[in-house]
Amino acid sequence: MAAAPAAAPARALAPSSSYSPPSRGVSFCSGTSRPNVRAAAASASAPGWRRWEPAVSVAAGSAQSALGALAVDPKVDTLLDSVKWDSKGLAVAIAQNVDTGAILMQGFANKEALAKTISSKKATFFSRSRSSLWTKGETSMNFINVHDIFLDCDRDSIIYLGKPDGPTCHTGAETCYYTSVYDALQGSKPNEDRQVTTTLYSLEDTISRRQEEATEGSGKPSWTKKLLLDNQLLCSKIREEAGELIQTLLENEDQSRTASEMADLLYHAMVLLRVKDVKMEEVLEVLRKRFSQSGIAEKASRNKS
C-alpha cells in the first residue's frame, strides 16, 4: 500500500514517542517458527511500528479519541487502513501468551480497538453484543499486556502477543481453550486446568502429575517419581546428561545424537524445576527479558545483585 502523500502535514511526535527497535518476544508454538512480519511492516511503510509509544494519553472507552490520537502518525494510520476489515469493520483478534505460546482467547477487533491496543499496550477488542470497545481486564484487572502484534499473511486476522496478569477465561481458567474435542468424544469432561499445550508444557504437566502421585503414594512406579524423591539421584543425572551433551560436540557426533542428549538433559532439568516449584514459563520469561540486553551486561547485573 502506498505511503501517505508527502504533502500531507503531520504533527511532530514528542521524543517519548520515537520509534525504537522492538525487543524480540517469541511464541513457542509446536511445529512453527516465530512469525515474520518484517515484510508486512515494510509494505505498510511502518518499520518499527510495534514499539510506537504515543505522546498522548487515550481515555478508556473512547474509540474515536484512540484512533484520532494515533492518526497523528501517518505510518500507523496507513497500517490500520491496510488491515482487511470485514463488511462490519471487524477482524478476528487472538491473544497468545508470549512465553508459553498458549492461545488465551479469541475476540474481534475493529480499527479503533487495534489503535487503542497499539497505544495502551493492553489487549483491546470490540464487543459485538455491546457494540463498544472493551479492554481485557478492565473489570477483573487481569489485563493482557501486549508485547507485540502480528497480522496474518492475508492481513485479515490479528494476534496480540502478550503476558497476562492472571487467568484469562471468565471461568477462572488460564485460557479459554481447555476443552479437548478428542477427550470429549471419549466421554471425558472438560478440565479447566488443562491448556492447549505444546510438547514442552505437556512434559511439564506429566512431571507435575507424577509429583502428585508420589506425594499420595498412588500410581505405578516410574523413573520420574524416583527422581522427584531423591535429590542426589536427580543431581547426578543432570551432571551425567550435561556431560554426554558436551561429548557430542567434542567427539563430533551426529545431530540426532546431540538432539537426543539435549532432550535427556532438558527432561531431567525440568524435574529439578518441579522440585523447586519453578514453572517453565518463569524460565522463558527470564530469557525473553534478556533478549534486548547483552550477555556481558546481564552477567554484570547479576554480580552486583
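A crossing of two helices is called left-handed if the near helix is turned anticlockwise from the far one by less than a right angle, and right-handed if the turn is clockwise. The close-up views below are taken from a predicted model.

**View 1. Helices α6 and α9 form a right-handed crossing.** Helix α6, which spans residues 199–216, packs against helix α9, residues 255–275, at an angle of about 50 degrees, and the two axes lie 10 Å apart.

**View 2. Residues of α6 and α9 that make the contact.** From α6, the contact is made by L200, L203, E204, I207, S208 and Q211, while α9 contributes L266, Y267, M270, V271, R274 and V275. Sorted by class, the contact of α6 with α9 comprises eight nonpolar residues, together with two polar and two charged ones.

**View 3. An open sheet of four strands, with mixed pairing.** The strands of this sheet follow the order β2-β1-β6-β5. Its edges are formed by β2, residues 103–109, and by β5, residues 144–151, each of which pairs on one side only. On average, and with direction ignored, neighbouring strands of the sheet are turned by 25 degrees against each other.

**View 4. Strands β1 and β2 run antiparallel.** Strand β1, which covers residues 91–97, is joined to β2 by six bridges. Within this pair of strands, A91 stands opposite A109, a residue in β2.

Conventions:
Residues numbered from 1 in each chain as written. Predicted model: local features only at pLDDT ≥ 70, side-chain atom pairs only at ≥ 80, totals over all residues. Heavy atoms only, no water. Pairing = 2+ DSSP bridges. Helix = DSSP H or I, 4+ residues; strand = E, 2+ residues; numbered from the N terminus. Axes fitted to C-alpha atoms, helices over the stretch in contact; angles between N-to-C directions. Contact = heavy atoms within 4.5 Å. Nonpolar A, V, L, I, M, F, W, Y, C, P; charged D, E, K, R; others polar.
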